[in-house]
Amino acid sequence: MTGNSRPATISTKQERIAELAKQMPEAAMTSLSHHIDVAWLQEAHERTRKGGAVGIDGQTASEFGENLESNLSALLTSMKTGMYRAPPVRRVHIPKGDGSKTRPIGIPTYADKVVQRAVVMALEPIYEEDFYDFSYGFRPGRSPHDALESLNEQLWAMRGGGWVLDVDIQGFFDNLDHAKLREMLRQRVTDGVVTRMIGKWLNAGVLEDGALQRSAIGTPQGGVISPLLANIYLHVVVDDWWVKEVVPRLREHAFMIRYADDMVMVFASHEDALRVQSALSKRLGRFGLTMHPEKTRLLDFRKPAGPDGGGAAGSFDFLGFTHYWARTRQGWWAPKRRTARGRLTRSLKALNKWLRLARIRPVAEQAKQLGAKLRGHFNYYGIRGNSAAIAYYRFAARRLWRKWLDRRSQKPSMNWAAFVRLEGRHPLPPCSAVSDSLAIEHRPRTHALKSRMR
């Protein structure tokens, strides 16, 4: 099962699947499962995260790997014969937003993660031929930074800005209709093994506090296959509808950006925006979805009028950044981004909690882990124009670290002078703008008048 040829062989199979999907854009793939063999499952195992929480069976990735070949062979046989039983996912709740609320996620068993990854590897080549360029979430070779760059470029191209429809789908993962999803899948995939496996995952249910719950709607967040199923659902419900029915009827230019269930639509015309907002609500309703009445909003994001910025434009949050208008150093009005206040507050609360619990550890260990957390924050939020926010985050992190070091004993001993000396021995990483692809200070090429598509 090992060797350098395995990934290349699987890549060749995926390229063949993609080529067939491209040649038959309206046809369903009837034979996919024959590609899945032990080597395919071995690659799925390699791609599966090893350090995650365990499912209901308590088995870790290392324990699964102790008898890897026999475990993979058993999984393959159960998949192909229809004997595979998808175990319920273990439901846990994690903080959401400012930490005052939680959201549920499902944790499959490790073996189930491997099987889900194997099916994703077979389905992705098909749907990557179907998905549009304005869809970015959980797709190979795409990231939130790519979505942010595209949004920024197209806002620049609109010159004067426009009207932004900031869409929030209420409880999307909890309300995804299984029957409608199966119907969507049948349009592109009719392989019995693959569709049967997806059906078993949808029906597996969740285990919480010892009680098993099953539902005809919803897909657990946390499952390996859940992001792909969500993208398929929203591709049909929103993306295809936008391209084929909305854009041809618009009077002026508009574009949309979607990252999983987070999406923004930007319109040059207020009338177009109002019409689409009304139509989108009805469209979502047909598929069991609703727009959040408070979080969904239509706002004026046109460039401020006059030299003094009179009639200042609104702002909106997308993918952790607040998007707003401000002047450049040359005096031009430009769309800018900064860390969203809610994200910054939540990050600092989480950091404060970690530092409080970690204060009893050796200082060198604290410095190493705190440095890693800072670098992770800078890697995402370190874009040009956001230097003030990431500098504040670093300052706040230093202040919190000093506070908890000072409380390691009943007698305060860590004043700022002592802390600066400690930093000299255990320096934290400097804040820097690392996402150079987002460092756009000039006006990029003007896009086509219609939404950017495939």
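**Cores, sheets and salt bridges in a predicted model**

Of the 80 residues in the largest nonpolar core, Trp242 and Met265 touch the most other members. A nonpolar core here is a set of buried Ala, Val, Leu, Ile, Met, Phe, Trp, Tyr and Cys residues joined through side-chain atoms within 4.5 Å. Buried means under 20% relative accessible area, exposed means over 50%, and partly exposed lies in between (1.4 Å probe, protein chains only). A second, separate core has 47 residues, among them Trp333, Leu351, Ile390 and Phe419.

A word on the basis of these values. This is a predicted model: local features need pLDDT of at least 70, side-chain atom pairs count only at pLDDT 80 or more, and totals for chains, interfaces and linings use all residues. Residues are numbered from 1 along each chain as its sequence is written, and side-chain values use heavy atoms, with hydrogens and water left out.

Now the sheets. Strands of a sheet pair through backbone hydrogen bonds, either parallel or antiparallel. Two strands count as paired if DSSP finds at least two bridges between them. Helices (H or I, at least four residues) and strands (E, at least two) are DSSP runs, numbered from the N terminus.

Axes are lines fitted to C-alpha atoms, for helices over the stretch in contact, and angles run from 0 to 180 degrees between N-to-C directions. Within the sheet, E1 and E4 run parallel and are joined by two bridges. Val89 has Val206 in E4 as its bridge partner.

Which side chains meet in a salt bridge with an N to O distance of 3.6 Å? They are those of Arg91 and Glu208. A salt bridge is a side-chain nitrogen of Lys or Arg within 4 Å of a carboxyl oxygen of Asp or Glu. Arg91 lies in strand E1 (residues 89-96) and Glu208 in strand E4 (residues 206-208), so the pair ties together parts that are 117 residues apart in sequence. Arg91 is partly exposed, at 27% relative accessible area. Glu208 is buried, at 18%.

The whole structure holds 12 salt bridges. Another one joins the side chains of Glu271 and Arg251, at 3.0 Å from N to O. This pair also links distant parts of the chain: Glu271 sits in helix H11 (residues 270-286), while Arg251 sits in the loop between helix H10 (226-246) and strand E6 (254-259), 20 residues apart. Glu271 is partly exposed, with a relative accessible area of 38%. Arg251 is exposed, at 60%.

Is Asp272 buried or exposed? Asp272 is buried, with a relative accessible area of 0%. Arg275 is partly exposed, at 38%.

Next comes the three-stranded sheet. This open sheet has the order E9-E10-E11, with antiparallel pairing. Strand E9 (316-318) and strand E11 (333-339) are its edges, each pairing on one side only. Here, too, neighbouring strands are turned by 40° against each other on average, direction ignored. E9 pairs with strand E10 (residues 321-327) over three bridges, in the antiparallel sense. Phe318 stands opposite Phe321 in E10.

Tyr392, Phe395, Trp416 and Val420 make a nonpolar patch of about 370 Å². Patches are made of residues with over 30% relative accessible area and no salt bridge; like charges are joined within 9 Å, and nonpolar side chains (Val, Leu, Ile, Met, Phe, Trp, Tyr) within 5 Å. Accessible areas come from the Shrake-Rupley method with a 1.4 Å probe; for residues, only the protein chains shown count as cover. Helix H14 (387-406) and helix H15 (416-425) each supply at least two residues of the patch. Val420 lies in H15 and is partly exposed, at 46% relative accessibility.

Last, a loop. Asp57 is found in the loop between helix H2 (38-47) and helix H3 (61-66). Asp57 is partly exposed, at 43% relative accessibility. The C-alpha atoms of Asp57 and Ala111 are separated by 9.7 Å, and the two residues are 54 apart along the chain.
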